[in-house]
Amino acid sequence: MGLRSAVKAPTFFLAANGRTQPAEELAATLAAMRQPVDPSAPDAHPQCVFPARAIYLRKRGLLPARTFACPAFDAWMFDAPPESISIILATGYLGNPASYYGHTLLKFNSLDSVKTSDLLDVTVNYGAIIPKGTGPIEYMARGALGGFDAGFSHIQYYFHDHNYGDVELRDLWEYELNLSDDEVAYVTAHAWELLGKQYTYYFFRRNCAYRMAEALEILDDVKIIPPRRPWTVPQAVVKRTHASTHNNEPLVTSVTYHPSRQTQFYQRYGTLAQQARRLVRDVVMSSATPTSIRTLNTLDKDQRQNAIEALLDYYRFRTPKNAAPDDARNVAYRAVLAYQFTQPAAADRVFVTPANHPAQDASPGYFSVGYANNDSALDDSALVRVRAAYYDALDSSVSHVANSELSMGDVTLAVRDGDIDVREVQLFRVEAVNGALSGLPGDNGKSWRLALGATNQDLACDDCRVVRFEADIGRSMQLSNSITGGLYIGGALQENRRDQGNGFGRVSGYVNMTVTPQLRLRATYEHRMHIDSRLKAEDVAALTARWALSRHYDVRLSARRHVADELELTLGYYW
């Protein structure tokens, strides 16, 4: 198989056929970089256009030191050369298929002595170039098949901090890398070379996580792209980075948590006593009138400061970025802020960092084996399940949306009497849950589910698979610190087999409980009302317990009822 660069842009190559002939590209590069510089246009010289190539050739004695300036490249970091590089992981966002699995980017950390804020550090991002009006289904189809161009771009970190943390309400995790000054300079120069160069975008494999890792793998012993997989999940790249060594030392030197506005609000609201919560609610419900704000004076100093901060977080969390200055939420925010200025200075805000970070979470792939005891005429069976990605409500963690599910490529086989039955194939199943921790206006627990796959119609048959599309919408609520519950209304469209109709409506509910960090329970119930079937209605129920043995293993015990009763016990491995 011939060689071909992933970069499609002709401007990335100095030889006419440099994309497919690396030897000719090397010869053309050496010749071009040895040319004299034009003093009137130094930025056009190949050593300025391709500074990483020049560094590579100098290290091998093939090129003398540069004797002229490259103004555009030298000013790229705002004349603040980076002292380190971080990988930033934005956790998954279920409001957009492009963001389901999270996102990664590189952050170039300039010297503390020459910057006023980390928000001014330069970041390099990779993404698909999506035409306006592209819908989610078209995005998924074209993204999977290489139907979009893509490229690297750069902008200061505050843009991503605002977009991910404030608008999409996604937590950010920063993994600072253990690189020497020369290595930082080399990766920085390579990133400059890649800016604006055209690639083909592939959603599952050669995506943002792959390209970010690839940019770092120009360093000799850095290997952080997960091998032998048809997909690249951002969390998997971060896990591999965190587990790697470089020059016989850990590749990651520190992990920093940047909570979203929503997380900040929930953390602050969670510290309030009942009286303070009641007063916060009264302020919100009255649109922050001066009279309602002054009721906060009845709280002691610490609770008053926490209540003020919770209100400010709430309005920041709930106010759209394009809201007008006279929007009621902006007016209320300013009123509370003005009140804060009349109070004694508060201590610095400290947010609780979760016990684990995404690199310590379970891997996105899942494999399990188990046994099912069925009380119908069917024999008991051995079960084998493979889930390509990513998580469900029982194994979600800090890098996933709590109590939610993002499952793709989930296949379950049942083996009985030497025969193999494909019991279930889920192409995708998405459940987005908002726990509505505060119950304040706008924090209303709106939840939804979508699924597409093929499944047996009930537990009493083994040759009754139907293709089914499911959709539900509902509300969820944080019932306590450890319990979340919700109700849905929706239904499904399906093949008509065994005269069970082309679809059904349903009402359903769930309760998730965290008993301990290792033990979680999930109970579900649904009542189906068939549309054009010999069945008028039926009930489906399940109770599942998951015990996490470690990051890599779990045990699940499930009791299910759907025409027949079945008890399952499985041992799972995360890969």
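**Cysteines, strands and rings**

Visitor: Starting with C48 and C70, are they buried or exposed?

Guide: C48 is buried, and C70 is buried too. Keep in mind that this is a predicted model.

Visitor: OK. What do C48 and C70 form?

Guide: A disulfide, with the two sulfur atoms 1.9 Å apart. The link is left-handed, with -75° about the S-S bond. It ties together distant parts of the chain, 22 residues apart: C48 belongs to helix 2 (residues 46-49), while C70 is in the loop between helix 3 (51-59) and helix 4 (71-75).

Visitor: How many disulfides does the structure hold?

Guide: Two. The other one joins C461 to C464, at 1.6 Å from S to S. C461 and C464 are both buried.

Visitor: And which hand does the C461 and C464 link have?

Guide: Right-handed, with 55° about the S-S bond. Counting bonded cysteines along the chain, the pattern of the disulfides is 1-2, 3-4.

Visitor: What about C208, buried or exposed?

Guide: Buried, because its relative accessible area is 7%, under the 20% cut-off.

Visitor: Switching to strands. How do strand 17 and strand 18 run?

Guide: Antiparallel. Strand 17 (residues 503-514) is joined to strand 18 (residues 519-530) by 11 bridges. If you want a spot to look at, find Y510, whose bridge partner in strand 18 is T524.

Visitor: How many residues sit between strand 17 and strand 18?

Guide: Four, and the two strands form a hairpin.

Visitor: Now rings. How many aromatic pairs does a search of the whole structure find?

Guide: 26. One of them is Y139 with F148: the ring centres are 5.8 Å apart and the planes lie at 25°, so the pair counts as stacked. Both residues are buried.

Visitor: And Y390 with Y391, why is that pair edge-to-face?

Guide: Because the planes are at 65°, with the ring centres 5.3 Å apart. An angle over 60 degrees counts as edge-to-face. Y390 and Y391 are both buried.

Visitor: What is the peptide bond from A389 to Y390, cis or trans?

Guide: It's cis, with omega near 20°. Y390 is found in strand 11 (residues 381-391).

Visitor: Back to Y101. Which residues does Y101 touch?

Guide: Leaving out residues up to four places away in sequence, Y101 touches G92, F203, V233, P234, A389, Y390, L406 and M408. In the largest nonpolar core, which has 74 residues, Y101 and L406 touch the most other members. Helix 8 (residues 208-216) gives the most to this core, with seven residues. Another core lies apart from it, with 26 residues, including L272, A307, L312 and F317.

Visitor: What about charges over rings? Where does R53 lie?

Guide: Over the face of F50, 3.9 Å from the ring centre. There's also K59, whose charged end sits over the ring of Y186, 5.8 Å from its centre.

Visitor: Last topic, backbone angles. What is phi of N247 near?

Guide: Near 55°, which is a positive value in a residue other than glycine. N247 is in the loop between strand 7 (245-246) and strand 8 (249-250). N247 counts as partly exposed because its relative accessible area is 48%.

Visitor: And A288, what is its phi?

Guide: Positive too, at about 60°, although A288 is not a glycine. You'll find A288 in the loop between helix 11 (274-285) and helix 12 (290-294).

Visitor: Why does A288 count as buried?

Guide: Because its relative accessibility is 5%, and buried means under 20%.

Conventions: Residues numbered from 1 in each chain as written. Predicted model: local features only at pLDDT ≥ 70, side-chain atom pairs only at ≥ 80, totals over all residues. Heavy atoms only, no water. Disulfide = S-S within 2.5 Å. Buried < 20%, exposed > 50% of the residue type's maximum accessible area, 1.4 Å probe, protein only. Pairing = 2+ DSSP bridges. Phe/Tyr/Trp six-rings, centres within 6.5 Å; stacked < 30°, edge-to-face > 60°. Lys NZ or Arg CZ within 6 Å of the ring centre and 35° of its normal. Core = buried A, V, L, I, M, F, W, Y, C linked by side-chain atoms within 4.5 Å. Contact = heavy atoms within 4.5 Å.
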